[in-house]
Amino acid sequence: MQKVTLPQLGDGIDKAVVSFWFVKEGDQVKQKDDLVELTTDKAAFNLPSPVSGRIIQILFKEGDAVHVGEVLALIEEAG
């Protein structure tokens, strides 16, 4: 099981808001596929999948604030 966490974002930025999920629970993804769009006070960015596999659980909804290090989703690795 692979945890998708919010990475370090830069100086003084400790959270982001989920603006759009490109996937839903049960979807198959490939490594580097975009999973979610996040926004901070300074920018919007997409977070790619760290592995190929199936989305098991999405832990934050669109509009939720997520802090650095928190788990956004769980992926069951392929293979």
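How many aromatic pairs does the structure hold? The count comes to 1 aromatic pair, under the rule that rings of Phe, Tyr and Trp (its six-membered ring) pair if their centres lie within 6.5 Å. The model is predicted, so local features need a pLDDT of at least 70 and side-chain atom pairs count only at pLDDT 80 or more, while totals for chains, interfaces and linings use all residues. Residues are numbered from 1 along each chain as its sequence is written, and side-chain values use heavy atoms, with hydrogens and water left out.

**Confidence**

- The protein chain has an average pLDDT of 95, where pLDDT is the predictor's confidence in each residue, from 0 to 100.
- A score of at least 70 is reached by 100% of the residues.
- Among the elements of the chain, strand E6 (residues 53-58) has the highest mean pLDDT, 98, and strand E5 (residues 44-48) has the lowest, 95.
- Element names follow DSSP runs numbered from the N terminus: helices (H or I) have at least four residues and strands (E) at least two.

**The aromatic pair**

- Phe 20 and Phe 22 form the aromatic pair, with 5.1 Å from centre to centre and 75° between the planes.
- The arrangement of Phe 20 and Phe 22 is edge-to-face; planes over 60 degrees apart count as edge-to-face, those under 30 degrees as stacked and the rest as tilted.
- Phe 20 has a relative accessible area of 40% and is partly exposed; on this scale buried means under 20%, exposed over 50% and partly exposed in between, with a 1.4 Å probe and protein chains only.
- Phe 22 is likewise partly exposed, with a relative accessible area of 40%.

**The four-stranded sheet**

- An open sheet of 4 strands runs in the order E1-E8-E6-E3, with antiparallel pairing; two strands pair if DSSP finds at least two bridges between them.
- Strand E1 (2-5) and strand E3 (28-29) stand at the edges with a single partner strand each, so one side of each has no neighbour in the sheet.
- Strands of a sheet pair through backbone hydrogen bonds, either parallel or antiparallel.
- E6 and E8 run antiparallel and are joined by 5 bridges.
- Ile 55 stands opposite Ile 75 in E8.
- Glu 77 belongs to strand E8 (residues 71-77) and, at 42% relative accessibility, counts as partly exposed.
- Apart from its neighbours within four places in sequence, Glu 77 is in contact with Gln 2, Val 51, Ser 52 and Gly 53, contact meaning heavy atoms within 4.5 Å.
- The C-alpha atoms of Glu 77 and Phe 60 are separated by 20 Å, and these residues are 17 residues apart along the chain.

**Salt bridges**

- The structure has 2 salt bridges; a salt bridge is a side-chain nitrogen of Lys or Arg within 4 Å of a carboxyl oxygen of Asp or Glu.
- One of them joins the side chains of Asp 27 and Lys 24, at 3.3 Å from N to O.
- Lys 24 is exposed, with a relative accessible area of 55%.
- The side chains of Arg 54 and Glu 76 also meet in a salt bridge, at 3.4 Å from N to O.
- This pair links distant parts of the chain, since Arg 54 lies in strand E6 and Glu 76 in strand E8, 22 residues apart.
- Arg 54 is partly exposed at a relative accessible area of 31%, and Glu 76 counts as partly exposed at 39% relative accessibility.

- Thr 39 stands opposite Ala 44 in E5.
- Thr 40 lies in the loop between E4 and E5 and is buried, with a relative accessible area of 18%.
- The side chain of Thr 40 reaches the backbone nitrogen of Lys 42 at 3.1 Å.
- Leaving aside neighbours within four places in sequence, the contacts of Thr 40 are Leu 9, Ile 13, Lys 15, Ala 16 and Phe 45.
- Thr 40 and Val 17 are 23 residues apart in sequence, with their C-alpha atoms 6.5 Å apart in space.
- Lys 32 lies in the loop between E3 and strand E4 (34-39) and counts as exposed at 65% relative accessibility.
- The phi of Lys 32 is near 80°, a positive value in a residue other than glycine.

Conventions. Polar contact = N/O pair within 3.5 Å; in protein donor to acceptor, adjacent residues only side chain to side chain.
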